[in-house]
Amino acid sequence: MNPELFAPEELPEKYAIVILPIAVNKPYTYAIPSDILHKVKFGVRVEVSFGKNKLYAGIVKEVLDQAPEYKTKPILSVLDDAPIISREQLALWEWISNYYCCTLGEVMNASLPSGLKLASETRIVLGPFYNENLDAQSLTDSEYIITEALTLQNELRIGDIKKILNRKTIYPIIKSLLDKKVIYLYEELLEKYKPKTISCVRLHEPYASDSERLEEAFDLCKRSMKQQEALLAYIQLSKKQEFVRRQDIYSIADVGATVVKALADKNILELYKREVSRLGGYSEDITDQSTLSPQQVSSLAEIKKQYEEKEIILLHGVTGSGKTRVYMELISEAIERGEQVLYLLPEIALTTQIVHRLQKIFGEDIAVYHSRMNNNERVELWKAAQDGKPILLGARSSLFLPFSNLKLIIVDEEHDPSFKQNEPSPRYNARDTAVFMSQLHQAKVLLGTATPSLETYRNVLAGKYGLVEMKERFGGLELPEVIIADMKEESKKRVMQSHFTSTLLEELRAALARGEQAILFQNRRGYSPTVMCKTCGWKSGCVHCDVSLTYHKYSDHLRCHYCGYLTDVPEACPACANVHLDLKGFGTEKIADELKIYLPDAKIARMDWDTVKGKSALENLINDFEERRIDILVGTQMVTKGLDFDNVGIVGILSADHLIGFPDFRASERAYQLMLQVSGRAGRKHKQGKVVIQTYKTDHPIILDVINDNFRAFLKREMTERRDFKYAPFKRMIKITLKHKKHSTVQQAAEYFANELKLKFREQVIGPAEPGIPRVRSYYLQDIMMKLDKNASQLQKAKKLIIDTQNALHKTKGFTTVRIVVDVDPY
């Protein structure tokens with residue numbers, strides 16, 4: 001039921017501009033009823049009606065004295081006593097909306113935790129600890145009616161509750177029930193972030209409480225020398241350590257898991273899981289808490305000196321140089337001054353070692369904001385940030401938290417493409433947004449990486465950013481030795497073993513013989529990228545996208561990695577009925593499978609999105625590798641992100657050519673960064689490691705730069721090519737993608753769009769053209785690229801023209817259903 005519209009003569013004196021969490025072109029103005037006038041102010045949430053029957057919790061942007069030109073609806077209720085966002089946050093939202101060509105509502109939707117953005121479609125459920133007999137006494141009549149309805153139905157939409165109560169305003173009631181934790185938003189009951197556990201042992205009763213009876217335990221296992229040695233190893237370790245890991249017993253007593261299990265079966269030892277920090281080796285290795293190395297001391301001094309003139313500094317340190325220790329020192333000093341610090345990481349799920357290393361040092365002062373938190377936790381952390389929590393650590397979305405005294409922003413691995421949001425809008429880059437946000441808070445920014453992005457380094461060369469370099473690994477450890485395995489030469493000599501060169505296999509065997517572990521990198525998951533008929537050339541393709549289906553041997557299915565389409569492997573070629581189908585190419589699954597043929601005794605595991613989907617799959621995988629239950633880890637680029645294992649002697653890059661040959665202007669930069677990052681996993685703690693790069697192009701400039709660790713040569717060549725061919729960082733790029741289910745419609749719409757842009761920007765507009773994959777999820781695609789000079793006024797004119805053309809296109813008959821995606825800085 002719609003709220004009655006105010007007649008012109010009854011208009012209240014005050015109005016509020018309200019931001020709604022939906023993609024509308026501008027905020028709407030609502031009338032403020034006199035009875036709630038004193039509650040309506042900037043930053044509070046208000047319940048408003050939008051459209052026919054939709055209710056939303058919007059945020060007051062501004063209170064006005066003058067009425068708009070259209071009839072207004074009234075604000076139904078006020079949900080907050082104090083603002084939930086700050087003026088700085090609103091300024092950040094407006095900048096993102098303006099710079100990345102999206103609506104303010106889309107930014108609000110991305111920024112706020114679900115618990116703060118209620119809508120008619122929001123689903124609620126009873127809290128898991130709700131007790132009708134106890135909790136009902138503290139509920140109002142309306143609240144009790146809602147809980148009664150939820151006992152009869154598992155879940156309700158807020159729109160349903162409005163009908164049940166037959167009231168215009170229901171959000172205050174919903175908020176009250178959420179505050180009392182009687183109800184939860186539906187998403188809150190999904191899986192929470194799981195702590196890490198390790199496999200440990202302890203004495204079983206009665207031996208645990210009466211050490212004098214240990215002689216009886218030795219008598220029980222007197223027939224097995226191995227069991228006695230394992231028990232003795234446990235006793236020795238328990239005197240030195242708070243807890244004893246099973247892996248430690250395996251190593252000291254030189255026994256296997258069956259021996260320890262036999263002691264457990266005899267009720268001598270008890271096997272259990274213990275929650276620990278994800279630091280792995282760092283729980284014993286206290287290097288990071290000891291005195292700073294001379295390089296770290298000089299780097300810190302240089303950073304502080306440059307901060308006197310620069311607001312942003314690039315810390316360019318080789319892998320394993322101790323950058324994180326430098327961050328910790330700066331964080332400690334900021335906390336002592338009563339300031340807040342934002343520590344940005346590319347992906348929290350893949351950087352658990354760093355997260356828990358910081359938690360070990362800073363304890364309660366640090367809060368982690370990540371995607372696996374439930375909505376209630378997110379709201380609590382939101383309020384903690386408002387209250388001045390000293391350290392906030394998170395991925396790109398943590399930029400939107402309401403900081404009260406932010407003075408330092410650390411962007412770790414600033415080059416990582418994960419900082420760029422691709423879907424849905426806003427398509428922002430967290431690194432660039434952090435730089436703008438620092439101006440709002442008068443904060444300093446530290447960008448840390450071993451492989452700087454060209455955009456960042458150009459700002460260094462232009463004098464906008466400071467530069468501090470750490471050229472040595474911590475403790476004087478040498479950088480890994482890089483070995484090139486010539487696949488062309490080995491193929492000629494016919495010594496290639498499937499996808500492995502003899503060089504790689506020999507190095508793997510030698511590492512395993514030394515008791516070391518290995519990591520193999522192949523940036524393609526699945527078993528084989530294509531199933532193909534040798535007779536007629538048919539290839540398995542997705543019915544919704546113009547891509548080949550990837551074969552996954554474990555599930556024996558063909559899968560599309562773009563839309564998720566799944567189908568069985570055909571028994572014969574659908575085109576010519578040939579029953580002999582070939583698997584072309586190789587992914588991580590095939591590598592792991594075939595490696596077992598050549599290294600039958602090695603324990604091999606995979607790390608890719610197919611193997612880490614389970615509740616604790618990633619945690620268990622990292623834990624198993626840390627505790628040396630895995631000899632060789634085969635992975636995609638996940639293995640390059642924040643992992644630090646102390647026993648990795650060799651890293652193998654199985655196909656460097658696939659990285660270099662990717663059809664993208666950033667292919668060389670990405671390949672260089674990935675190869676250096678994955679190389680950095682080798683020999684990080686106590687000894688020099690080795691890196692084997694398999695390639696057909698041994699003389700490729702990128703390969704040579706990686707071998708020689710020659711960043712300057714790479715930078716000079718890549719910058720020259722980017723300047724000559726007018727790409728970022730010398731040009732500001734905007735990519736416009738049009739989508740429609742009819743090929744002819746999207747083609748015509750793209751031609752219209754491009755022609756409108758070319759009227760003013762001429763040769764700076766390229767396209768339209770079909771992308772490399774012209775159809776995804778049943779939508780045909782057309783791309784238009786704009787390459788603009790780095791001129792603020794020209795950029796603003798281009799964005800205005802894009803938005804105007806978009807609006808005009810959607811008003812044109814036949815083009816109303818064309819989807820348009822605008823991506824500023826699409827890299």
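Is Cys221 buried or exposed? In this predicted model, Cys221 has a relative accessibility of 1% and therefore counts as buried. Cys573 is buried as well, at 4% relative accessibility. Its closest cysteine sulfur belongs to Cys536. The two sulfurs lie 3.6 Å apart, which is too far for a bond. A disulfide requires sulfur atoms within 2.5 Å. Under that rule, the count of disulfides is zero.

The strands come next. An open sheet is built from three strands, in the order β22-β23-β24. Its pairing is antiparallel. Strands β22 (550-552) and β24 (566-568) form the edges, and each of them pairs on one side only. From one strand to the next, the twist averages 35°. Strand β23 covers residues 557-559 and is joined to β22 by three bridges. These two strands run antiparallel. Across this pairing, Tyr551 stands opposite Leu558 of β23.

Strand β15 spans residues 391-394. In a regular strand, side chains alternate between the two faces of the sheet. In β15, Ile391 and Leu393 point one way, while Leu392 and Gly394 point the other way. All four of these residues are buried. Strand β15 pairs with β13 (residues 340-344) through four bridges, and the two run parallel. Here Val341 has Ile391 as its bridge partner. Strand β14 (residues 366-369) also pairs with β15 in the parallel sense, over four bridges. In that pairing, Ile366 stands opposite Ile391.

Helix α1 comprises 13 residues, 87-99. From its first C-alpha to its last, α1 reaches 18 Å. This is close to the 18 Å expected at 1.5 Å a residue. An α-helix has 3.6 residues a turn, so residues three or four places apart point the same way. The buried residues of α1 are Gln89, Leu90, Leu92, Trp93, Trp95, Ile96, Ser97 and Tyr99. After α1 comes Cys101, with a positive phi near 55°.

Two packed helices are described by the angle between their axes and the distance between the axes. Helix α16 (residues 454-461) and helix α24 (residues 711-724) have axes that come within 12 Å. The axes cross at roughly 95°. Because angles of 65 to 115 degrees count as roughly perpendicular, α16 is roughly perpendicular to α24. On the α16 side, the contact is made by Leu454, Glu455, Tyr457, Arg458 and Leu461. Helix α24 contributes Phe711, Arg712, Phe714, Leu715, Glu718, Met719 and Arg722.

Glu489 and Thr501 were also examined. Glu489 sits in helix α17 (residues 487-493). Thr501 lies in the loop between α17 and α18 (502-513). Glu489 is partly exposed, with a relative accessible area of 34%. Thr501, by contrast, is buried, at 0%. The cut-off for buried is under 20% relative accessible area. Leaving aside neighbours within four places in sequence, Thr501 is in contact with Ala485, Met487, Glu490, Met496 and Gln694.

Conventions: Residues numbered from 1 in each chain as written. Predicted model: local features only at pLDDT ≥ 70, side-chain atom pairs only at ≥ 80, totals over all residues. Heavy atoms only, no water. Buried < 20%, exposed > 50% of the residue type's maximum accessible area, 1.4 Å probe, protein only. Pairing = 2+ DSSP bridges. Axes fitted to C-alpha atoms, helices over the stretch in contact; angles between N-to-C directions. Expected span 1.5 Å × (residues − 1). Parallel < 35°, antiparallel > 145°, perpendicular 65-115°, else oblique. Contact = heavy atoms within 4.5 Å.
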